[in-house]
Amino acid sequence: MKNIDSKGHVTGKSIYLDDIPLIQGTQFGVVFDSPIAHGTITSVDYSKALAIPGVIKIITHEDIPGENQIGGIIPDEQLFSSTEVHFVGQPIALIIAESDQIAFEARKCIEIKISKKNIIVDPREAQQKDLLIIPPRTFELGDTENSWENCAHIFEGQADSNGQEHLYIETQGAYAIPMENGHIRISSSTQGPTAVQRITARVLGVGMHKIEVDVVRIGGGFGGKEDQATPWAVMAALGVSILNLPVKVVLSRLDDMRMTGKRHPYSSDYKIGFSKDLKVMAYETTFYQNAGAAADLSPAVMARTLFHGTNSYFIPNVKMTAYSCKTNLPPNTAFRGFGGPQGMFVIESALSHAAKELGISKHKLQKNNLLINGDEFPYGQIADGVELNSIWQEMESKFDIGSIEKEMDEFNSSHTDVKKGFSLMPVTFGISFTKTPMNQARALVHIYTDGSVGVSTGAVEMGQGVNTKMLQIAAHVFLIDPKRVKLESTNTTRVANTSPSAASSTADLNGKALQKACNTLLERLKTCAADHLGVSSKDITLKNGMVYTNENPTDLTWEQLVMMAFLKRICLTENGHYATPKINFDMKKEKGHPFAYHVYGLALTQVTLDCIRGTYDFDAVKIVHDFGKTMNPSVDFGQVEGGLIQGMGWMTMEDLRYNNDGQLMSNTLSTYKIPDIYSVPKTVTIEPLETNGNDMAILKSKAVGEPPLMYGIGAYFAIDQAIKSFNPNFNSTFDAPFTHEKVLMALYGSLVSE
Amino acid sequence: MIEFILNNKPVKTDQPSGSLLLDFVRYEQSLIGTKIGCREGDCGACTVLIGELIDGKLNYRQVTSCLTPLGNVQGKHVVTIEGLNMESLSPVQQFMVDESGSQCGFCTTGFVVSLTQFCLANSTPSYKDAIASIDGNICRCTGYKPIERAAKHITESLTDKDQNETLDWLIAQKFIPSYFNQIPEMLNALPKGNHDSQNGTLMGGGTDLYVQKLDQLIDQDVDLILNTHGINNIEIENDSCTLGAGSTATDLLESDIFSSAFPRLKKHIKLVASSPIRNMATIGGNFANASPIGDFTAFFLALNAKIKLTNKDQNRTIYLKDFYKGYKDLDKSTDEIVSTISFKLPTQDSHFNFEKVSKRIHLDIASVNTAIQISISENEITQTHLSAGGVGPIPLYLRETCDFLLGKTLSPETVQSANEILQSEINPISDVRGSANYKRLLLRQLFYAHFITLFPDQFTLDSLK
Ligand SMILES: Cc1cc2nc3c(=O)[nH]c(=O)nc-3n(C[C@H](O)[C@H](O)[C@H](O)COP(=O)(O)OP(=O)(O)OC[C@H]3O[C@@H](n4cnc5c(N)ncnc54)[C@H](O)[C@@H]3O)c2cc1C
Ligand code: FES
Ligand code: FES
């Protein structure tokens with residue numbers, strides 16, 4: 001089934017936040033933010049701004065009736081700064097005016113004085129000064145300290161990966177409207193409606209029941225709207241509570257890029273040791289996560305870095321320590337992969353480093369160390385259902401890695417101006433929120449008396465096709481025409497206390513809850529049909545909108561059955577609740593079974609380097625991916641293709657730049673480039689691995705949102721390899737992204753000594 | 001009063017000519033299918049079509065409505081996604097659905113509009129052109145592969161397109177709604193003439209202006225040079241070519257004169273901005289914007305072009321290389337406009353090349369760009385014009401390097417020595433587009449690339465190492 005939204009999308013009829021018809025009296029909010037990365041506000045003069053005709057009100061921390069606090073995991077972030085500012089872009093006030101144009105005009109007239117303090121943008125510097133968001137965490141397995149002496153080869157180095165701007169094409173925004181009795185209804189472009197509701201209630205000092213949050217869909221999120229959609233919604237609601245008029249806050253692209261956090265940059269040290277037969281015996285790494293100025297989701301992101309620090313390899317002795325370092329950048333946040341990619345980049349760097357020193361192909365080293373069933377992850381979970389070896393075999397049989405390598409070597413020895421490189425990137429990604437309590441969801445199903453069905457879940461549709469999957473599940477259980485099912489907006493009054501749509505697990509959690517609700521309803525209907533037909537309900541089946549007994553059709557249609565049940569006063573509404581079984585994690589021991597299952601895959605990336613200009617083109621990416629039993633190939637393949645390209649962008653051209661004053665230099669779409677249609681690989685081939693699927697996954701169809709992003713890491717190492725064949729003296733610096741600048745410098749070194 | 005046709009109906013508005021087409025369609029007309037992603041021409045979410053009659057034939061081009069002054073659509077046909085919708089999906093829409101070319105959907109209407117422009121183009125459809133039509137559309141979700149597949153199918157479905165009766169054929173095949181065949185008549189019924197103020201900001205395509213000072217323009221009337229008749233003429237007289245400063249990049253690309261004078265023109269222009277931007281961006285605007293990395297400036301500097309500066313009835317002509325006095329400082333009074341550009345057509349023994357590298361190869365501003373025109377006679381360099389951008393406060397014409405090359409034998413040694421002079425002529429700074437060191441190295445490489453590209457038998461990378 002194609003994405004149920006696609007018809008609306010191609011005709012421009014789908015509704016996004018900015019498309020909601022405005023209610024009369026709607027006012028527009030523009031955020032006034034700190035121009036300085038660290039300091040104390042000594043004075044703010046709003047008088048000139050307030051004098052502009054059309055400016056209604058400027059809301060500051062003083063106007064907050066509840067708590068001036070929006071921190072999720074840790075309460076360390078104010079909605080509006082009261083005295084201290086900690087990053088450029090930190091909100092100080094909301095200017096409310098009759099139009100955004102007036103509000104923007106007014107913003108220019110605000111005079112602020114800030115006495116500056118020392119600015120830190122480097123996570124290692126922050127760590128040295130003990131500026132940490134939370135205490136460091138360490139994952140350990142075996143005993144690294146006593147392993148080094150038994151290692152035949154040891155390599156040490158540093159690997160850094162930069163941040164990444166989400167660049168959802170729809171910017172952040174919210175529209176809040178006053179309802180009766182002080183209730184407020186917020187439409188928000190958020191992945192986490194409950195977070196918006198909870199924080200709004202906190203800031204307004206009211207119960208959560210007074211705040212309703214509704215999301216129809218969002219124009220891309222990628223993690224950037226998990227926590228960071230909240231402030232704008234809260235501000236709009238605050239405006240409503242003060243003015244009793246509808247207030248809309250939509251960020252301009254410049255404001256969005258400046259004010260919101262990104263994927264965390266990481267700087268890391270590694271030490272890796274091998275036995276004579278090139279098994280990794282020991283691995284130590286220290287991660288310095290650049291968290292930005294407040295916790296946001298950084299502690300959780302940091303945890304996932306540790307969970308995925310050994311990627312797809314079994315290493316008997318591991319010690320990984322992570323620091324979440326507080327700097328004067330906007331609080332960094334969730335981004336597809338959620339810290340996992342940063343961890344994987346380090347071990348892949350370590351393996352590349354080793355392969356070069358050892359003079360062997362990296363892929364041989366990778367293959368030699370793949371995880372198998374029964375191996376223990378550093379966090380204590382025992383690997384089960386591992387598909388890595390079968391995936392590797394599939395890759396070899398479909399694409400013949402050996403001959404690709406041979407052809408590449410031949411090409412490189414006969415060409416001087418262009419060089420080719422390739423890499424293999426295995427991925428093992430755990431599915432579940434690593435914070436166990438978040439692994440729950442609910443779904444509300446109504447069967448209307450005409451037999452049509454309304455479904456509400458906690459899942460937010462952001463292009464990942466989750467609503468399509470939900471619809472499939474309902475239609476699958478009831479075996480009715482999918483056209484009879486409608487997916488409702490995600491609304492906190494219908495489905496409450498939801499986890500954000502994140503961690504790749506939205507379809508699993510909400511789908512399982514939905515499946516339960518539908519099954520319960522089905523059982524009720526079967527019982528009703530059995531009573532009517534005088535048979536046992538075990539013998540009843542429903543198919544194609546008809547009732548069958550012992551596989552024989554009856555005259556009873558789905559519609560008649562539903563009406564009959566209604567008249568018998570049988571409940572046609574059900575709320576399903578699902579909590580992932582078996583999972584647990586003990587943070588004291590840093591051990592447990594945090595993941596319902598893992599997703600596995602392998603990507604082979606081929607690149608051609610223009611050694612004259614220092615530019616590159618990707619010839620092909622070949623992927624073998626473990627979908628389980630995909631319930632929707634077009635949606636799932638789309639996630640693989642899209643995730644891959646996003647990961648490649650992170651590793652190649654996406655060049656996030658802050659200067660030492662903490663100012664974002666790559667602050668527009670003209671200075672921050674994401675892949676365009678010409679920069680994607682000429683071919684992308686996806687081979688689904690044949691498996692039986694996993695019962696913990698919805699309809700055995702494994703989660704697919706995040707894992708493919710990490711295939712993009714292969715792009716870095718393919719370029720790295722191609723450079724080596726042009727400049728054998730090149731010492732890899734493992735400093736992603738591999739921009740054109742870095743490539744040219746690596747090919748030739750510098751012209752002038754620095 | 002600005003009058004034009006919006007989808008299937010004529011509209012009149014007294015919005016100022018500097019207000020944006022985007023805001024008009026989205027907020028005045030509630031046509032919400034046109035989206036906002038950046039307001040700087042870099043994402044394509046706001047793409048619409050602009051149609052006009054050229055030699056009696058309807059010609060449609062895609063533009064980013066976020067950079068289109070309302071005044072520039074006077075007398076034209078503006079098509080938003082709503083104007084393409086029919087009872088059932090068009091083949092463009094259907095293939096986008098079938099191939100899952102849409103995920104979050106926020107970029108999708110832009111893609112559909114651009115791909116429809118490809119269908120409407122009065123040329124033989126090719127897959128390459130289909131992709132080129134969406135080179136200004138950014139999608140963060142799909143990774144483009146499904147959109148490529150859709151583009152392939154769309155191209156195939158146009159195989160039988162009747163080049164002479166494009167509109168009728170497209171209407172019959174339900175690519176576009178039937179009202180399109182009334183558009184020529186409706187356009188003819190609109191009053192011509194322009195509504196530019198003489199004291200507003202002088203604006204070409206607006207592709208630099210709106211990015212730089214949006215808020216100073218949108219509630220004003222502007223002085224629109226594109227409404228000046230003949231401002232985009234391209235003519236040859238004797239051995240010299242003259243083009244109106246209002247010629248857009250697309251005008252150059254589609255000009256027979258240019259494509260025969262510059263065999264690699266398509267390749268060069270593909271490196272500049274995107275289709276929708278090129279449809280609006282004027283050459284004069286590129287010069288007058290005085291960005292040190294203007295691509296057309298680099299291009300025409302290497303042609304040793306002259307520009308005519310006009311102030312009412314007074315004209316003076318100067319070399320483009322003398323136009324730039326300092327950072328954003330031009331040899332031009334505020335009342336003068338660049339009216340024409342002229343240059344000597346390349347001769348048999350002259351060779352031209354343009355090189356550019358940026359963070360992203362396409363739809364990006366250069367880290368460094370350079371162009372060269374070099375004439376060779378019996379392996380001796382008889383003339384060179386060399387330009388470089390991104391390596392100084394102004395677009396550079398590298399006089400000393402040109403002087404050095406004159407009379408020298410064409411050889412790797414000459415080129416290597418020339419590079420040393422070149423390095424002394426430039427003064428790059430470190431910024432978001434690259435470090436000073438990188439820009440030096442890159443310019444050396446692009447300088448070498450000129451020779452490797454133009455004289456592959458005599459130059460290889462190895463010979464220059
Ligand atoms: C997304 C995007 C991508 C871009 N990519 C590139 C690129 O790759 N390479 C590149 O070089 N540029 C690029 N540009 C910049 C821009 O498109 C070009 O500089 C373009 O040529 C400007 O022309 P315009 O007609 O739009 O100028 P306008 O914005 O209309 O005007 C620019 C300036 O020139 C003045 N002006 C305009 N016409 C005249 C005239 N005839 N006489 C005197 N003054 C005049 C205006 O008053 C103004 O000061 C890009 C812009 C965007 C938005
Ligand atoms: S809104 Fe991005 S190009 Fe116009
Ligand atoms: S579908 Fe989301 S940006 Fe293209």
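Buried residues account for 64% of the 465 residues in chain B. The model is predicted, and the values below are computed from it.

**Chain B as a whole**

Chain B contains 18 helices and 18 strands.

| Property of chain B | Value |
|---|---|
| Span of the C-alpha trace along its principal axes | about 70 × 50 × 45 Å |
| Accessible surface | about 17,300 Å² |
| Share of accessible surface belonging to carbon and sulfur atoms | 46% |
| Distance between the mean positions of the 41 positive and 53 negative charges | 4 Å |

In soluble globular proteins, nonpolar side chains tend to be buried together. The largest nonpolar core in this model has 246 residues, and the members touching the most other members are Phe180(B), Phe258(B), Phe287(B), Phe300(B), Phe323(B) and Phe343(B). Helix 17 of chain B, residues 436-454, supplies the largest share of this core, with 11 residues.

Leaving aside residues up to four places away in sequence, Phe258(B) is in contact with Ile234(B), Cys241(B), Leu243(B), Leu252(B), Leu265(B), Phe300(B) and Phe343(B).

Helix 17 of chain A covers residues 713-726; it is largely enclosed by the rest of the structure, because 12 of its 14 residues are buried. The buried residues of this helix are Ile713(A), Gly714(A), Ala715(A), Tyr716(A), Phe717(A), Ala718(A), Ile719(A), Asp720(A), Ala722(A), Ile723(A), Lys724(A) and Phe726(A).

Thr615(A) lies in strand 28 of chain A, which covers residues 615-625. The relative accessible area of Thr615(A) is 9%, so this residue is buried, the cut-off being under 20%. Apart from residues up to four places away in sequence, Thr615(A) touches Thr608(A), Leu609(A), Asp610(A) and His740(A) in chain A, together with Val357(B) and Ile361(B) in chain B.

Terms used
Residues numbered from 1 in each chain as written. Chains lettered and ligands numbered in written order. Predicted model: local features only at pLDDT ≥ 70, side-chain atom pairs only at ≥ 80, totals over all residues. Heavy atoms only, no water. Core = buried A, V, L, I, M, F, W, Y, C linked by side-chain atoms within 4.5 Å. Buried < 20%, exposed > 50% of the residue type's maximum accessible area, 1.4 Å probe, protein only. Helix = DSSP H or I, 4+ residues; strand = E, 2+ residues; numbered from the N terminus. Contact = heavy atoms within 4.5 Å. Areas by Shrake-Rupley, 256 points an atom, 1.4 Å probe, with all protein chains shown as cover. Lys, Arg positive; Asp, Glu negative; His and termini not counted. Charge placed at Lys NZ, Arg CZ, Asp CG, Glu CD.
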